[in-house]
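Work through these exercises with the structure open beside you. Try each task before you read its solution.

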Amino acid sequence: MTRTAARVGPALAATLALAVLHGPPGADATATPRDARAPSDFEAARAARAAGDWLAGRLEDGAVPTPSGTDLGLTVEVGLALAELDPVRYAPQLAAVDETVAAGAEDHTTGSGDTAGATARLLTYVLVRGDDPRDTGGVDLQQRLESAVSEAPLSRGRLGGSDVAGQAYAVRALLTLGSDRAEDVTDYLLAQSCEGLFRADLPAATAPDQGCAGSEPRAGSSDATATAVLQLLAAGATDDPDVDEAVADAVDALPRFVVHRDDDGVPNTASAGLALRALEAAGAAVGALGTDLVRTVAAQQVTGLVPCDGRLVPDAVGAVAFDRAEYDAGVDEGVTADRAARWTRTTAVVAPALVGLPTPRDDVRVRSAGSAPFQAAGRPAGVRVVGLALGQKVCLAGPGARVRVTGPGEVAALDLVMPAGTASRTYRLAGVDTAVTFRVLDRARLRVAVARASVPRGGRQTITVRGLEAGERVTVRLAGRVADRGSAGPRGWFRTRVAAEVPRGRVPVRATGVFPGLRSGTASFRVT
């Protein structure tokens, strides 16, 4: 069957219809698709625009510099991202990349390493830019890629020396060109789909079975699966029932996979962003899974929030860190040369997924839970940030704290611990114009006094508690039993008159404030 760009096949259409109605397995059935809430104008997509601008700024004379020199492969990844984000906004940078690609095409597609995969990516970029695939700096990239495709009966369609991602780019490029080798490379790619997930590596060229039943089985990879889906959809190949079924199976399998972890099981932003892009391209990034992936990606984007972003401001604003550990290290150390290269690749992968983020909200507020308006010194605070949009990020900062919080909805700032000392502490939300002030209470010995040294059993005793904060809740106990509760007046006093309905003898009086473990006092009197 000849494969061309045409329509979405019936199996994929059915899967996507279910995904849009219900979301992926385990998702909130009431959730709405992200793109239903997304700004359509790239200028309104702040997060994506910031990522694109940072990527554009990483280019020097049309190339991405690294500690080991110019990296043409990384430059192509940046170029593909900028072209997808907004080819008009980034036209000058893309024109410079075009020149770099033409100048480096010969060296980049020959020599050692995965030159076939490099050729496939380079050709994809050339086609996206509308340039001549037969003459890129004097190199016939189409012929060079076609010649890397195996014609051996055992491994027909296999891209020599590459992996599944390189194979997927070859499928996109050759389908777009209408190449005679397109069908073979597509069939070979589909053979790497195992129960919905594509494996990362191609089997050895000499393996007796080149598909999932081969002698060298490999576990499915979320990264390879997402890449295969993106390139198949970009090529418009779903008019073929086999492609249609493979994409539908991948859309069904990805939500059940740990998509925000890399192939070594380590949580990372790039894997989350890649999976999110694939599901969105297939129309299935809805519900709880989409929310989780968006938060994973958005939380690691540098938004310039002072002081939470530390030494990442201003040079790294817009960049997306590979994971939280690298982000935290960057806050303290800034962006080193090695870190910049790694973050460039991550940002290029995830930036298109940021286009659909909704506009940040201005009505975000901070709410105190538990013992409002008081907080205990030295203890985790019952503080929540309320009203964040999906992927919106703020910095809660104040005495002894700087906490990054990412929406949606209501998110607890669990890392916020109030500093020592009784005082008013103000915390501001960088990213929105709001602040909240808490009265922090530290350890204190309350002064408890009784009006009479002794009272008859059943008589009335007046008890006064001093050293409280105005409005602080107080509890008074006689012999361990609650005698009264109330709140301190404006001068920090609480006075009560209680009946001495306790056994005769010396009676202990204990008063505790809003935090009993920190604020208490004792006295006693005799019951006759």
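**Exercise 1. Compare the span of helix α5 with the expected one, then decide how far α5 is enclosed.**

Solution.
- Step 1: Helix α5 covers residues 115-128, 14 residues in total. Helices are DSSP runs of H or I with at least four residues, strands are E runs of at least two, and both are numbered from the N terminus.
- Step 2: From first to last C-alpha, α5 reaches 20 Å, close to the 20 Å expected at 1.5 Å a residue. The expected span is 1.5 Å times one less than the number of residues.
- Step 3: In α5, 11 of the 14 residues are buried, so the helix is largely enclosed by the rest of the structure. Buried means under 20% relative accessible area, exposed over 50%, and partly exposed in between (1.4 Å probe, protein chains only).
- Step 4: Among the buried residues are T115, G117, L122 and Y125. Their cover includes α3 (72-85), α4 (91-108), α6 (141-147) and α7 (164-177).
- Step 5: Just after α5, look at G130, with its positive phi of about 75 degrees.

A note on the model: it is predicted, so local features need pLDDT of at least 70 and side-chain atom pairs count only at pLDDT 80 or more, while totals for chains, interfaces and linings use all residues. Residues are numbered from 1 along each chain as its sequence is written, and side-chain values use heavy atoms, without hydrogens and water.

**Exercise 2. Which cysteines does the disulfide join, and what is its hand?**

Solution.
- Step 1: A search of the whole structure gives one disulfide. The test is a pair of cysteine sulfur atoms within 2.5 Å.
- Step 2: C308 and C395 are joined, S to S 2.0 Å.
- Step 3: The torsion about their S-S bond is about 80 degrees, so the disulfide is right-handed.
- Step 4: The pair links distant parts of the chain, 87 residues apart. C308 sits in the loop between α12 (287-298) and α13 (324-333), and C395 in strand β8 (residues 393-398).
- Step 5: Both C308 and C395 are buried.

**Exercise 3. Find the partner strands of β8.**

Solution.
- Step 1: β8 is mostly covered, with five of its six residues buried.
- Step 2: β8 pairs with strand β9 (residues 401-406), antiparallel, over six bridges. Two strands pair if DSSP finds at least two bridges between them.
- Step 3: G398 stands opposite A401 in β9. The hairpin of β8 and β9 has two residues between the strands, and G400 there takes a positive phi near 75 degrees.
- Step 4: β8 also runs antiparallel to β11, joined by three bridges. Here L396 has L429 as its bridge partner.

**Exercise 4. How are the rings of Y427 and F438 arranged?**

Solution.
- Step 1: The count of aromatic pairs comes to one. Rings of Phe, Tyr and Trp (its six-membered ring) pair if their centres lie within 6.5 Å; planes under 30 degrees apart count as stacked, over 60 as edge-to-face and the rest as tilted.
- Step 2: The centres of Y427 and F438 are 6.2 Å apart and the planes stand at 50 degrees, so the pair is tilted.
- Step 3: Y427 lies in strand β11 (residues 423-430) and F438 in strand β12, so the pair ties together parts 11 residues apart in sequence.
- Step 4: Both Y427 and F438 are buried.

Definitions and conventions
Contact = heavy atoms within 4.5 Å.
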